[in-house]
Amino acid sequence: INAEYMGAVEVINAPFICRVNCFNHYAIATDAILNRWLQPISPGLSFLGRIAHNKYTVNSNTYVSTEARVKSSAIVRYNVFVGPNSLIEDGADLCNCVIGDNCYIGRNSKIHNSYVWNDVKIGENCKLSQCLVSNDVVIENGATISPGTILGCRVKIGKDFTTSKEARIYIGESTDTSAVGKGGEGTNWKAVEEEQKYLDINQEAIDHQEDDADSINTDIEELLQEEINDLIPHVTRSIRSEDHEPEVPEDHKFLEELKHTVHRALAHNHDVDNCILEINGLKFAYDRSFQDCSNGIVNALLTYCDNGSRNSKEVKELLTKLIKEKWHQAIKKFMASEDIEIEALATIVETSKNHKVIDSIFVHIIKFFYDSDLLSEQSILKWSLSLGKSTNEYDQQILKKCEAFLNWLKEAEEEDESD
C-alpha cells in the first residue's frame, strides 16, 4: 500500500490470499483489504475535513488528487478515489469507485461500484456498473459495461455497445465483435479447459499431500501410543481441569487498543490527525460511540502524563502542553454533548483512583478542562449532583476536594442569572 496515501498511519503488515476469477471475487477481496488494512483511514474523514497530507483533497470519504481535474458540474458522490492527472468531464457521475492515474471520463458518463485502473479512456454517455477495467482500456461513446464484467488490458469496446453480464474480455489472437462491438478490440476469455487442467493438477497435489499426511499421522499416533503404554506403569498422572481465562469484554478491548494508539502517537510524536484517523477506525471496528472515544482519549492522555515517574508539577505542565498545543480540537469534537462531558468527568474520577498524581491534582485538571472550554459549568454542576448521590467513599472525597471550585461555579451562575 502506497505510504504516500497513508501518511503516518501504521498499516498492518500481514499476508492476504484470495483467488480472483470474477468481478465478485475481486470486489470482495478489495473490500476486505480496504476494511481490514485501511480501516483507520476509511471512516469519518468528514470529521477532519482534510487528510494530513496535501496530495489529495478529502470530502465525504472521497479522495481526489490535487493533480486531477474534476469539472464543476461533475458529480462525485461518496467512496470515490481519483488518481493524479485524470480528467473528469462535466456531467460525469462517480459513486463508490476507483479511478486510477491518467484516466479520462467523458461527459455524462456514469461509473458506480467499479474499479478503473490507469490510462483508461471512457467516452461520453457511457455506463459502468460493478465492473473491473484494466490498464489502457478504451470505451467508446455510449457503451455500457454490464455488471460483473472484467476488461483486460488494452481492450477496446465499440461505440454504443453493451457487454454481456459477467463477461471476461481480453486481447486474444483475433477480435470477436459479438464481445466488444463494431470497432472494438478483444474477445471473450475461453480458457475453461486450461483452468480446469490447473484445477485438476492442484487437486491431485492436494490429494497426494493429504495421503502423505494421513500416513505420517498414523505413524506418529502409533509411536505416541507405544510411549504412553511404556509410561503408564511408571508414572502416576494427576488430571485437573484446565483453567479458562474469562473473555475480555469488547468495550475493554476497545479502550485498551485506543489507549495504546494514543500512547504510541505521543511517544513517537505522530500527527494528531493521523492518530484520530486510527481512533475512528477503532470506533467503526468495535461499533463504539463518540462518548466511548472521548472517554478513551481522556484516560489515555491522563495515564500517559502520569506514568509513575513524573511529579505533580511535571504532570500539570505536560497535560497543559499536550491539550493546548495538539489535542484540544480533537477532544472538543468528540465531546459533542453535555452527557459526553459528564461521562468524561466520570472517567477522570476512575482514572484518579489508580493514579496518585492525578488524584492529587484532580481539582486542577477539572478547572483546566473548564478554562479550556472542554467542560461547561452546567455539565460540571450536574456531575457534582450525581456524585453527591453516590455512597462510594472515594466519590465523596472527590466531591469534598472540589467543594471550593463548585461553590465558585454556583456563585458565577447565580450572578449570570441575576444579570
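Is Lys156 buried, partly exposed or exposed? Lys156 is partly exposed, at 24% relative accessible area. The cut-offs are under 20% for buried, over 50% for exposed and the range in between for partly exposed, with a 1.4 Å probe and protein chains only. The model is predicted: local features need pLDDT of at least 70, side-chain atom pairs count only at pLDDT 80 or more, and totals for chains, interfaces and linings use all residues. Residues are numbered from 1 along each chain as its sequence is written, and side-chain values use heavy atoms, with hydrogens and water left out.

**View 1. Lys156 pairs with Glu140 in a salt bridge.** The N to O distance is 3.4 Å. A salt bridge here is a side-chain nitrogen of Lys or Arg within 4 Å of a carboxyl oxygen of Asp or Glu. By this rule the count comes to 11 salt bridges. Glu140 is partly exposed, with 28% relative accessibility.

**View 2. Asp93 and Arg77 form a salt bridge.** Their closest N and O atoms are 2.8 Å apart. The pair links distant parts of the chain, 16 residues apart. Asp93 sits in strand S7 (residues 93-95), and Arg77 in the loop between strand S4 (75-76) and strand S5 (80-82). Strands (E, at least two residues) and helices (H or I, at least four) are DSSP runs, numbered from the N terminus. Asp93 counts as buried, at 11% relative accessibility. Arg77 counts as partly exposed, at 36%.

**View 3. Asp373 meets Lys332 in a salt bridge.** The closest N and O atoms lie 3.6 Å apart. Asp373 belongs to the loop between helix H11 (362-371) and H12, while Lys332 belongs to helix H8 (residues 312-334). The two residues are 41 apart in the chain. Lys332 is partly exposed, with a relative accessible area of 33%.

**View 4. Helix H9 packs against helix H12.** H9 spans residues 338-353 and H12 residues 377-388. Their axes, lines fitted to C-alpha atoms over the stretch in contact, are 9 Å apart at an angle of about 55 degrees. Angles run from 0 to 180 degrees between N-to-C directions. H9 is therefore oblique to H12: under 35 degrees counts as roughly parallel, over 145 as roughly antiparallel, 65 to 115 as roughly perpendicular, and the rest as oblique. The contact (heavy atoms within 4.5 Å) is made by Glu338, Glu341, Ile342, Leu345, Ala346 and Val349 of H9 with Gln378, Ser379, Ile380, Lys382 and Trp383 of H12.
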